Amino acid sequence: MTDAFETYGQEVTAHLGALVHDRLEAEDLNQEAFLRLHAQASAGRPPENVRAWLHRVAVNLAMSRGRHLQVQSRVAPR
């Protein structure tokens, strides 16, 4: 688990960058995905396939961000 960031960090950031089209946002989402990985491992529930787990969590975080931005844009004009 300790070398997961070195192994998958750039790959996950690149994947997120392609989804959100914002390098800084991709890096923030990447950090959140790795924090969640750390929490899972610390709780004694490490994923079997770390790479796949990270990509799934990253995509979920990006989708959640997109939904949040959509709601924000609908509510802001009010």
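Where in the chain is the place of His21?

1. **Overall layout.** This is a predicted model. The chain has three helices and zero strands. Its pattern along the sequence is α-α-α. Along the principal axes, the C-alpha atoms fill a box of roughly 45 × 25 × 15 Å.

2. **Burial and contact range.** The chain has 78 residues, and buried residues make up 27% of them. Consider contacts between residues at least 6 apart in sequence: 61% of these join residues at least 24 apart.

3. **The pairing of α2 and α3.** Helix α2 covers residues 23–42 and helix α3 covers residues 50–75. Their axes come within 9 Å and cross at roughly 130°. That angle makes α2 oblique to α3. The handedness of the crossing is right-handed. On the α2 side, the contact is made by Glu25, Leu29, Glu32, Ala33, Phe34, Arg36, Leu37 and Gln40. On the α3 side, the residues are Val50, Trp53, Leu54, Val57, Ala58, Leu61, Ala62 and Arg65. Sorted by class, this contact has eleven nonpolar, one polar and four charged residues.

4. **Ala33.** Which residues does Ala33 touch, leaving aside those up to four places away in sequence? They are Trp53, Leu54, Val57, Ala58 and Leu61. Ala33 itself is found in helix α2. Its relative accessible area is 0%, so Ala33 is buried. The cut-off for buried is under 20%. For a distance check, take Ala33 and Asp22: they are eleven residues apart in sequence and 16 Å apart in space, C-alpha to C-alpha.

5. **His55.** Is His55 buried or exposed? His55 counts as buried, because its relative accessibility is 15%. This residue is found in helix α3. Outside its sequence neighbours up to four places away, His55 touches Glu11, Val12 and His15. Glu11 lies in helix α1, residues 4–20.

6. **Salt bridges.** How many salt bridges does a search of the whole structure find? The search finds four.

   - Glu11 is in α1 and Arg51 is in α3, so the pair ties together parts that are 40 residues apart in sequence. Glu11 is partly exposed at a relative accessible area of 29%. Arg51 is also partly exposed, with 42%.

   - *Glu25 with Arg65.* Here the closest N and O atoms are 3.2 Å apart. Glu25 belongs to α2 and Arg65 to α3, so this pair ties together parts 40 residues apart in sequence. Glu25 has 23% relative accessibility and counts as partly exposed. Arg65, at 22%, counts as partly exposed. Glu25 and Arg65 are both listed in the α2 and α3 contact.

   - *Arg36 with Glu32.* The closest N and O atoms of this salt bridge are 2.8 Å apart. Both residues lie in helix α2, four residues apart, about one turn of the helix. Arg36 is partly exposed, with a relative accessible area of 40%. Glu32 counts as partly exposed at 29% relative accessibility. Arg36 and Glu32 also take part in the contact of α2 with α3.

7. **His21.** Back to the opening question. His21 sits in the loop between α1 and α2. What is the phi of His21? The value is positive, about 55°, although His21 is not a glycine. Why does His21 count as exposed? His21 counts as exposed because its relative accessibility is 70%. The cut-off for exposed is over 50%.

Technical notes
Residues are numbered from 1 along each chain as its sequence is written. This is a predicted model: local features need pLDDT of at least 70, side-chain atom pairs count only at pLDDT 80 or more; totals for chains, interfaces and linings use all residues. Side-chain values use heavy atoms; hydrogens and water are left out. Axes are lines fitted to C-alpha atoms, for helices over the stretch in contact, and angles run from 0 to 180 degrees between N-to-C directions. Helices (H or I, at least four residues) and strands (E, at least two) are DSSP runs, numbered from the N terminus. Angles under 35 degrees count as roughly parallel, over 145 as roughly antiparallel, 65 to 115 as roughly perpendicular and the rest as oblique. A crossing is left-handed if the near helix is turned anticlockwise from the far one by less than a right angle, and right-handed if clockwise. Contact means heavy atoms within 4.5 Å. Ala, Val, Leu, Ile, Met, Phe, Trp, Tyr, Cys and Pro count as nonpolar, Asp, Glu, Lys and Arg as charged, and the others, Gly among them, as polar. Buried means under 20% relative accessible area, exposed over 50%, partly exposed in between (1.4 Å probe, protein chains only). A salt bridge is a side-chain nitrogen of Lys or Arg within 4 Å of a carboxyl oxygen of Asp or Glu.
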